[in-house]
Amino acid sequence: MSDLGQVLILAGGLSPEREVSLRSGARLRDALREAGVDADTADADAGLIPAIAADPPSAVFPAIHGASGEDGSIQEVLTLLGVPYIGAPPEACRFAFDKPVAKAIARSAGLVTPPSVTLPREIFHDLGAAAVLERITATLGLPLFIKPARGGSALGASRVSRAEELPGAMIACFAYGDTALIEQCVPGTEIAVGVIDLGGGPEALPAVEIRPLTGSYDYAARYTPGQTEFHVPARLSPAEAKAAASAAITAHCALGLRDLSRTDLIVSDGKVFFLEVNVAPGLTETSTLPMALEAAGLSLGTVCRDLLSHAAARGT
Amino acid sequence: MPTEPPRPGRVDDRDQAEGAAAEAPVSHGSLVDAHAGRYAARAAGMVASEIRALFAVAARPEIVSLAGGMPYITALPLDAVGEMAGQLVAQRGPVALQYGSAQGDPGLREGICEVMALEGIRAHPDEVVVTAGSQQALDLIARIFIDPGDVVLTEGPSYVGALGTFSSYQAQVVHVPMDDAGLIPEALDECIGRLAGLRQRVKFLYTVPSFHNPAGVTLSAERRPQVLRICQRAGLLVVEDNPYGLLGFDAEPQRALYADDQHGVVYLGSFSKTIAPGLRVGWAVAPAGIRDKLVLAAEAAVLCNSSLAQLMIAEYLASQPWREQVKVFRELYRDRRDAMLEALGAVMPDGCRWTRPHGGFYVWLQLPPGLDSKSMLPRAISSRVAYVPGTGFYADGSGADHLRLSYCFPEPARIREGVRRLSEVVGAETEICATFGAVAGAGGGRGGASPADLTGPAGGSAQL
């Protein structure tokens, strides 16, 4: 066994990504155990605080996806409990989880991000949806990506190619949250770039190229093996690969992230566009971060063990 | 699809370990699933879904789930059942833990005939085939009757588990409308005629005549012989699925269709609602030719079903006051039905209409025009209430304007709280749809708009 002591993986939660998180957590637990770590999983429910208070783990790995896991809430609670944890501190999580805020920070750090507008549902009600939507399509054109400003796994997200599809896409989006990010759809190669920092500064993992076999990279394409083709490393020119790695590290640093993150990018005509960043990347069989680790010759268990050791040594 | 066999996790250049900035390597795609190109066509629809992801949250105690149809097992005399199970293994272990016959334990089949007598069925134990819940009976029936492309008629809406089974055998499902008195005979007649004109091969009518899942309605006594006559005239087999028949709240059980046509009906029964679904014991009663094929199909599928579970049910029927226990369930579910209907009447916004079940587990609710129950579900989960979107109960993509509510599992106070939360969800969604509906018409261009012809909360006599 490692000398890390007992570590706790938080998985589950009440967001729509609960199932994905449970799978990520179970996979991570098995990988850590294989790496000699005494690891267990716990849900984020009423039993969590008493359990941690009674038997504090040496470090916690928050693998809860979606709100509470990625918006800084769990990280705040872990800070209150005085328990070391992997990943970004609460404020950085808040910025990263909010896609429009993350885009703004990325932009100010010099990254390019697709043109977009961010609008709460009230504005459509108050100003008239037809007029607002017409202005959006006149300015951003079509196709567009509609997604909840906060959330993951493409839940509530849709690609809209015709203006008449917009109202339905907006309604579907607002079922997941009160603010929508409406983004110009940039054609190109969709990639995910993991960043890990084992103490020597953030390093980019090989980019994973994502090519859904039909339609877009939606929930089914993400979590059904066989629905999406992944290329690791992504089929990019050396210059593009370098730019993508650099963009992921820039986003990681600009947002104040720590330990690990995953940045989603589009590479179009040699230009790299920042889409979003994830502070608790998926770790399921079909998730890109484990693929990137494997491509880098690293194992999920040993990397996460080292990250946990690093977090334990760092303290809160 | 890629031309070469996919290799999971394959990468061709490990030098990339130092970062993405290295030389561009040759990269081969991975589909993660090495067998992705080999699945049968019928597996095409077996993909991860947002709805399933949302149901994973609905199972948490923080959510009031009006979604699942779980019987309230806590109302069973669990101590007595436990003692009975212990004695069974101690005294009859060599039989209870051994393989059994594919047709099922003879003693249990006798007990089943006694249960069915309550619905007017006079059957011989030899006509009964025991299955793993009636769901397996459905699978076996589909297996022996359906060739790809064959048509199955069923109510619209229909039981989601049956639709899944028919789809896995590549049947075409054609829905026949219902109203408050169940399947509409004239519509059935018209549908059979239309399909005959199109030279479609219709294999059977699948129906849940009593306390329908999800619609909550019951085929009236007047219509039962009409439906049978129409099917007899057309030479159409009827598959009568009756898991809720004994769970009526106001009257004696309806006479089963099978009771009046033992040659043209296959009857499916289940102990999942009257005893316990965890034991997975159901049955089929069928004319001799069909029965023989069902037994052979069951043998091919599972050799035999659990001897232990079958003997437990047989022993329960023989030694426990099961009729009284069914009465306990009926009263419990009636109180919960009352709580749900009362809460719906008190808080649901204008434009919602729902059925008033006289038994079973479900209320079928129609949303105000333009709302889509599937796209509204995330809002409901965020508000800590869950239901089943209506689209799951149709094979043709319709049903978005409806949702199913179940009252069998939560206690009355939770049901009231769940309905209150749902009313707020519907209110908020109505507002959103009103905002965007003006752009694309009711429904925001998403389809699924329903005939807004119901006459009131009871549904009147209009179609569901």
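**Group meeting: cores, a sheet and some helices**

Let me start with Ile146(A). Setting aside neighbours within four places in sequence, Ile146(A) is in contact with Ala157(A), Ser158(A), Val160(A), Ala169(A), Met170(A), Cys173(A), Ala180(A) and Ile182(A). Keep in mind that this is a predicted model.

Where does Ile146(A) belong? It is a member of the largest nonpolar core, which has 151 residues. Ile146(A), Val266(B), Ala284(B), Ile313(B) and Met340(B) touch the most other members of that core. The element that gives the most to this core is helix 12 of chain B, residues 412–440, with eight residues.

Next, helix 7 of chain A, residues 129–140. First, a length check. At 1.5 Å a residue, its 12 residues should span 16 Å. The end C-alpha atoms are 16 Å apart, so the two figures agree. Now, which residues of helix 7 of chain A are buried? Ala129(A), Leu133(A) and Ile136(A). They cover an arc of only 55° around the axis, so they sit on the same side of helix 7 of chain A. Look at the other side of this helix: Ala131(A), Arg135(A), Ala138(A) and Thr139(A) are exposed there. Just after helix 7 of chain A comes Gly141(A), with a positive phi of about 75°.

Helix 4 of chain A, residues 90–97, is another case. Six of its eight residues are buried, so helix 4 is largely enclosed by the rest of the structure. Those buried residues are Ala92(A), Cys93(A), Arg94(A), Phe95(A), Ala96(A) and Phe97(A). Note that an arginine, Arg94(A), is on that list. What covers the buried residues of helix 4 of chain A? The cover includes helix 3 (73–81), helix 5 (99–108) and strand 13 (271–278) of chain A.

Now a sheet. In chain A, three strands form an open sheet in the order 2-1-3, and the pairing is parallel. Strand 2 (38–42) and strand 3 (59–62) of chain A are the edge strands, each pairing on one side only. From one strand to the next, the twist averages 25°. Strand 1 of chain A, residues 6–10, pairs with strand 2 of chain A over five bridges, in the parallel sense.

Helix 12 of chain A, residues 300–314, lies across strand 1 and strand 3 of chain A. Its angle to strand 3 of chain A is about 125°.

Last, chain B. Its secondary structure comes to 12 helices and 15 strands. Of its 464 residues, 50% count as buried. Take contacts in chain B between residues at least 6 apart in sequence: 75% of them join residues at least 24 apart.

Val95(B) gives an example of distance in sequence. Val95(B) is in helix 2 of chain B, residues 78–96. Buried, exposed or partly exposed? Val95(B) has 13 other C-beta atoms within 10 Å, so it counts as partly exposed. Beyond neighbours within four places in sequence, Val95(B) is in contact with Ser307(B) and Leu311(B). Val95(B) and Ser307(B) are 212 residues apart in sequence, yet 7.4 Å apart in space, C-alpha to C-alpha.

Note on methods. Residues are numbered from 1 along each chain as its sequence is written. Chains are lettered from A and ligands numbered from 1 in the order in which they are written. This is a predicted model: local features need pLDDT of at least 70, side-chain atom pairs count only at pLDDT 80 or more; totals for chains, interfaces and linings use all residues. Helices (H or I, at least four residues) and strands (E, at least two) are DSSP runs, numbered from the N terminus. The expected span of a helix is 1.5 Å times one less than its number of residues. A residue is buried if 20 or more other C-beta atoms lie within 10 Å of its own, exposed if 12 or fewer, and partly exposed in between; C-beta atoms are placed from the backbone. The arc is that of the directions from the helix axis to the C-beta atoms. A nonpolar core is a set of buried Ala, Val, Leu, Ile, Met, Phe, Trp, Tyr and Cys residues joined through C-beta atoms within 7 Å. Two residues are in contact if their C-beta atoms, placed from the backbone, lie within 7 Å. Two strands pair if DSSP finds at least two bridges between them. Axes are lines fitted to C-alpha atoms, for helices over the stretch in contact, and angles run from 0 to 180 degrees between N-to-C directions.
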